[in-house]
Amino acid sequence: MEPGGHLIEVRPGESLIQAAWREGYEWPTLCFGMGTCTACQCEVLDGLDNVSDKTEAENAMLGDLTRRRRRIDPRRVRLACQVRISGDVEVRKPGVRIAENQTAERSGQ
């Protein structure tokens, strides 16, 4: 995942944001995975064939946003709380970081 090069394993049936939370990452969100905001949106850089179809929530929330962001292919803009992944995918999402309690655990403190 860019930036930062984070590697997150997404289990079957899990959304990208659920996998990130399970692995101890903080992912920007306002609705906490309910699909009612666009704060968790990310851009699929590679592996578009390995992501699920857009949900109704994504189509509703991202419709206007993707029309305003003409430089990005609208198929690549996804809500991390809605998208399911079935293979290798690279995404861009600024603001994702290891949770503070995970940082201490990973450094052995």
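Is Phe 32 buried or exposed? In this predicted model, Phe 32 is exposed, with a relative accessible area of 60%. The points below treat this residue, the nonpolar core and the salt bridges.

**Phe 32**
- Phe 32 lies in the loop that runs between β1 (25-26) and β2.
- Although Phe 32 is not a glycine, its phi is positive, at about 55°.

**The nonpolar core**
- The largest nonpolar core comprises 23 residues, and Ile 8, Leu 16, Trp 27, Cys 40 and Val 91 have the most contacts inside it.
- Two or more residues of this core come from each of α1 (16-22), β2 (41-46) and β3 (77-79), and α1 gives the most, with four residues.
- Beyond its neighbours within four places in sequence, Leu 16 is in contact with several residues, among them Val 10, Trp 27, Cys 42 and Val 91.

**Salt bridges**
- The whole structure contains six salt bridges.
- Arg 78 and Glu 58 form one of them, with their closest N and O atoms 2.8 Å apart.
- This pair links strand β3, which holds Arg 78, to helix α2 (residues 56-68), which holds Glu 58, across 20 residues.
- Arg 78 is buried at 3% relative accessible area, and Glu 58 is buried at 0%.
- Arg 92 forms a salt bridge with Glu 43, at 2.9 Å between the closest N and O atoms.
- Here strand β4 (residues 90-92) is linked to strand β2, the two residues being 49 residues apart.
- Arg 92 is partly exposed, at 39% relative accessibility, whereas Glu 43 is buried, at 15%.

Technical notes:
Residues are numbered from 1 along each chain as its sequence is written. This is a predicted model: local features need pLDDT of at least 70, side-chain atom pairs count only at pLDDT 80 or more; totals for chains, interfaces and linings use all residues. Side-chain values use heavy atoms; hydrogens and water are left out. A nonpolar core is a set of buried Ala, Val, Leu, Ile, Met, Phe, Trp, Tyr and Cys residues joined through side-chain atoms within 4.5 Å. Buried means under 20% relative accessible area, exposed over 50%, partly exposed in between (1.4 Å probe, protein chains only). Contact means heavy atoms within 4.5 Å. A salt bridge is a side-chain nitrogen of Lys or Arg within 4 Å of a carboxyl oxygen of Asp or Glu.
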